[in-house]
Amino acid sequence: MTDPMAPLVSLRNVEKRYGNGTLALTGMSLDIQAGEFVSLLGPSGCGKSTALRLVAGLGQPSSGQIVKPVKQKGESHPVSFVFQEPTLMPWASVTDNVWLPLRLEGMSKKLAQPRIDEALDMVGLSKFRTAYPRELSGGMKMRVSIARALVTRPKLLLMDEPFAALDEITRQKLNDDILRLWETHGWTVMFVTHSVFEATYMSSRVVVMAPRPGRVIADAPVPLPHPRSPDLRTDPVFTAVARDLSHALHETMDAQAIAAH
Amino acid sequence: MTDPMAPLVSLRNVEKRYGNGTLALTGMSLDIQAGEFVSLLGPSGCGKSTALRLVAGLGQPSSGQIVKPVKQKGESHPVSFVFQEPTLMPWASVTDNVWLPLRLEGMSKKLAQPRIDEALDMVGLSKFRTAYPRELSGGMKMRVSIARALVTRPKLLLMDEPFAALDEITRQKLNDDILRLWETHGWTVMFVTHSVFEATYMSSRVVVMAPRPGRVIADAPVPLPHPRSPDLRTDPVFTAVARDLSHALHETMDAQAIAAH
Amino acid sequence: MTDKSETAPVETPSLGAAIMMLLRMRGVMEVLVPLATLIVFLIAWDTTVRVNNIPPYILPRPWDVVTTFVTDWPILWDALQITLLITFSALLLAIVGGALTALLFAQSRWAEIALYPYAVVLQVTPIVAIAPLLIVYAPSTEAVLLICAFLVAFFPILSNTVQGLKSADHNLVDLFELYGASKSQQLRLLKIPTALPYFVAGLNIAGGLALIGSVVAEFTAGAAGSKAGLAFRILEAGRRLNIPRLFAALLLITLTGVAIFILTSFISKLLLRRWHESAMTRER
Amino acid sequence: MTDKSETAPVETPSLGAAIMMLLRMRGVMEVLVPLATLIVFLIAWDTTVRVNNIPPYILPRPWDVVTTFVTDWPILWDALQITLLITFSALLLAIVGGALTALLFAQSRWAEIALYPYAVVLQVTPIVAIAPLLIVYAPSTEAVLLICAFLVAFFPILSNTVQGLKSADHNLVDLFELYGASKSQQLRLLKIPTALPYFVAGLNIAGGLALIGSVVAEFTAGAAGSKAGLAFRILEAGRRLNIPRLFAALLLITLTGVAIFILTSFISKLLLRRWHESAMTRER
Amino acid sequence: QELTSVSFGTGWLAQAEQGGFYQALADGTYESFGLDVDIVMGGPQTPMMQRLAAGQIQFMQSSTLSNLDAVARGIPVVSVAAFMQKDPQALLAHPDKGFDDLGDLAGLPTLYLGGSGFDTFFQWMKGKYEGFSDAQYAPYTYNPAVFIADPDSGMQSYVTSEPFDIQNRTGWAPAVFLLADYGFGGYADEIVALQPLIDSDPDLVQRFVDASIIGWYNYMYGDPSAGNALIQQDNPEMTDEQIAFSRQQMLALDMVMWDAAIAGGLGCMDGGRIETFFNEMVAAGVMTADVDYASSFTTDFVCKNVGADLFPDAAAQ
Ligand SMILES: Nc1ncnc2c1ncn2[C@@H]1O[C@H](COP(=O)(O)OP(=O)(O)OP(=O)(O)O)[C@@H](O)[C@H]1O
Ligand SMILES: Nc1ncnc2c1ncn2[C@@H]1O[C@H](COP(=O)(O)OP(=O)(O)OP(=O)(O)O)[C@@H](O)[C@H]1O
Ligand SMILES: [Mg+2]
Ligand SMILES: [Mg+2]
């Protein structure tokens, strides 16, 4: 019964209009196969977060169809999400915030501790286990949020500008860490970023969206092998792909600027 | 009585320890002359936001001295701040949020309207005047926050990673807009960013901070003329400065990584 | 893996969906469901009375109460007007007084330290005990009733608003401070909006309390005759063993209470609708 | 421009600074200031009585009240114990009942629609009116008092907690939904923490109300003799024109109310201290 | 002629038990004595004694025990006339219990008593009979339903008031035990004033007392309709039947024309009775022996057979 080519995630002609009348997405179609690492690029306010939320099941499209992985009995939750804002519980310590997804699956803190520690270690916050969100810097909060998403080892990982608040060095380290996890665990990743370079460096495929109302206007595979290493950034193929994406982005925004006149 | 060389902003041997014992800054010294555009670079959690808050008067150093501009009677408020988080009033529309600093000076909405419109225009949100914060995307919220800071035409502008949530095109546009404003109005700017390129492109001087406890470990003028234009990014001097800064940053972080072992 | 996937909304209208549609007509259901509960309750009441043969001077049957409600309407209506006047005056005073005092406390830490304990004292002073003392000096019975009802309704507004005024987001407080907001601007533009959800929660409580406050006050200090409110009618009916009227008056008080609650809830929704989580449906 | 700058904290200890230091000793001031207010009030009271030559059976002098307080302590103490027992039992029931009902409403929209109006009904039903009816059927006088006091204290807890449970951050709700949190997990880990500040505001109100509720109930349905609470003593003192004792008993109720308030405020601080704006000092 | 304004505070809502005062107001008797009287209606918890002490009213309706209490607290009240020779206070029991003495009620588990009843006559009953105890006390909130519902209970009542409603609603008449019949000797329906007023304006007191006496004669033995109309105006709930019942009870039980009144006319008091009553109250622990009971009343204004001509003499009856 399983169709091996059926996509893990699929948006078919999706439209999303918010209650106040804003048309955030229209005619948005996108298929993602299991194991892909897809980056979403697009101008601010074009509907990237909206699309990710729909895939996560947080909201219904106004029309169109969405296919997404659903939780199987006995399995842990298949989708993790790093929201654009840290979205931490102010009353819970860093550890408890990261514990949350596992806790919701019924895992005791004791049992979860090694995984919490591992995740906090990866984002460099081991020393802040007992801190409360208000005691953290902006970047640190975001890293707690990333740790929380990684702790579940999800099938599908949704990340909404996870590294925007981080310095370049921490960012590169986490880029590589995520890539390594993706490679080892065979995850599927949807990744929103504003950095064309980051998108190119990370992804097996990059999707560019048009400004409001959002839809896909470019969809390009990144023909570079995995695993990737930092030297890649000087590879001519890398530069070419990045340049093309940058162009696509400029064009769609220029088109909008013209349309506005 | 006025000493023309007296700095507009000065931190002398500042230490900041938070109530929970975290030492955020120690021995931090920095003088900024009126008219400078100073960028702060540093790893996440190193105390950049803390430093900016101290300069803004939002908090007292645990020891050391701080000099900052104070409000003169009849003048509008000398300092504006783009916080790292949008910090919008959820009960107020976009217009009302941007109006706030002027309103606090007693300016009516009618009188303030042209300046509000101008600021919203600059951040590309003219169409969202009547929207409420919850109806905005992450980047749009941040842009409202930027508009709010610009609307007062401050003497000293503090910006804490203002463009982190924006796509590169919007970001470049705003980079240039801010630079233009700085040049025309003779503002002084303290600018926190994680992008070495952005820091180099914007600033007359870049300061690099060491990881916690934060202090200045590199302080370099950017020997490039103003006004700056996008072509600069390929200038060899530009590249060299950016590389040096990147190095300084790597060194301080490696030092920490070693210290941690 | 994809067979585990879910296909979302291709609405095939089925009977189940139609029923759900109906159920979603909240406005209707919010009236129908409590009504159904009421009917169940009334049937239980009636059955109890019939089966146990309880005489009407102990517990009347629902229908008797309704009949009395209609026949005694002129008397009840006069009494209701008096009770309502006291209740709403007290509520208004409590809103104004409670909110203003809370604002004073927010403006001056010293005022709060010096006076908050006395606000508590006012709340816990049993009005029933002081009503007789008040009567001696108050200009009129109405004034006594008003003071008593006010005292009961005042504290929830004060206490909730104080809590709300203290709950302003610290980041926004920083913002206001940065831009040199005066204390009164902070109050007006930041603390009051923050306090609104707390205030309306207090209002919901105070509405009902103003009503019982005025009823209890009437019980101890109420006027008789043409100035008699509902409480007096209840006492009188009790003494005269006119239990159906007693119940009819109780019913009227209860309905009034529910009406006040609906009113205050409506005001809450109105005030918070644009932005507060409690009054917004989550955008899906 | 720099001469307009400000140099921050090079603390030169001056007399002004020393005074400010003293004033900052909040713990002390929070007791001293209300005490000073009290003394001013007492002096005003005493002067009024003396100057106008008011006889003690109208308004006793403060010192008379204190003396009576001491001499009548055995009687008052017995009465206080009874009132306290009712008050705290009612408060406990109200906390448990109010919170549980609020949780039920949060879990089931239908329960809320069907039952919330009846919670309002319970609040606005004048207990003084139904106390006589309750006496007939309740197992004991204490039970009647308990029911009455409970009904008064119940609603603020319920109403505030309901409002709080609805105020959960929508982003966090999304997060919980995403990770497949069950309704009970959402409740436990998200809605209850969010509701805490509202709950404690309700608790502050309910504490005082439980006390007046039990006093009012005692007024209409209280026991006499060795089982008499403070309200009975007040009534008795009033009838016998023993006004100093009446005031002493009132004073005792008031002090009890303040003590309950301090207790509930302390619990609030304890519950919220780690994270809520209202209980945290802003980190400067 | 200039009228003197005075206020008279009653102890309860307007009812037939205050008929004489309303009658005097209604038929112009007070006016003819140069008085402009304002009857201030009392009710549960109305602090009439404090209002008297505060000078807000000049006269009030009271009873012997309340006067003694006030005197004990140093309020200079003086009773100047007493219209109820028998305190109308009674206890009720269910008729099928077969009780025939007040003491039998000691066997009931519950007695619904008002707080003032508990303070006073119940203390007296405890001393007089075996078996009464505080445990029987249950508060009476003036709603007789509690008593009706519980056959094993007794209830405090005005002999002139509650029995009427109970019989009306239930069809059975409760067993009535009038305390006065068992030796509870206080007066009720007294007029009291403050000593300073008596000292400064005895004429005013005398006029008020005299007019009230005439009012009472007219109300009890003449045509009460004017007084009743005024009662019903102040208290619209008062039905004709209830008023008629109360007045009938007062006549049938000789409540106003008894004891000292027979010789001295309505309103007359017997100082010896007050002394006996005081001593009994001291014995019951209701008050202390050091109270100057003698200052609580004066017979200076009564027992002069004022208006006696309005009483239909024995022959005419
Ligand atoms: N309110 C607070 N209470 C306690 N510690 C705090 C508080 N705010 C910040 N800190 C700590 O101070 C240090 C510096 O924080 P700060 O926000 O200044 O960092 P930052 O350089 O702005 O980092 P980022 O780039 O992530 O925003 C951090 O270790 C943080 O944990
Ligand atoms: N709750 C909402 N109600 C109404 N409109 C909304 C809501 N959320 C988002 N929008 C609108 O939908 C559009 C898309 O928003 P979305 O958050 O998906 O953008 P985005 O691509 O994530 O932008 P950014 O890069 O700035 O985060 C925007 O125009 C925004 O104003
Ligand atoms: Mg977004
Ligand atoms: Mg920061």
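Biologist: How many helices and strands make up the secondary structure of chain C?
Modeller: This is a predicted model, in which local features need pLDDT of at least 70, side-chain atom pairs count only at pLDDT 80 or more, and totals for chains, interfaces and linings use all residues. Residues are numbered from 1 along each chain as its sequence is written. Helices (H or I, at least four residues) and strands (E, at least two) are DSSP runs, numbered from the N terminus. From that end, the elements of chain C run β-α-α-α-α-α-α-α-α-α-α-α, and the count is 11 helices and 1 strand.

Biologist: What share of the residues of chain C is buried?
Modeller: Buried means under 20% relative accessible area, with a 1.4 Å probe and protein chains only. Chain C has 284 residues, and the buried share is 57%.

Biologist: Which chains have the most contacts between them?
Modeller: A contact means heavy atoms within 4.5 Å. Chain A and chain E do not touch, their nearest C-alpha atoms being 50 Å apart. Among the 8 pairs of chains that touch, the most contacts are between chains C and D.

Biologist: Which residues are the protein donors of the magnesium ion (ligand 4)?
Modeller: Donors are N, O and S atoms within 2.8 Å of the metal (3.2 Å for Na, K and Ca); water is not among the atoms, so sites may look incomplete. Two atoms, OG and OE1, lie 1.9 to 2.1 Å from the ion, and they belong to Ser49(B) and Gln84(B).

Biologist: How many residues apart in sequence are the parts that this pair ties together?
Modeller: Ser49(B) lies in helix 1 (residues 48–56) of chain B, and Gln84(B) in the loop between strand 5 (79–82) and helix 2 (94–104). The pair therefore ties together parts whose separation in sequence is 35 residues.

How values were computed
Chains lettered and ligands numbered in written order. Heavy atoms only, no water. Buried < 20%, exposed > 50% of the residue type's maximum accessible area, 1.4 Å probe, protein only.
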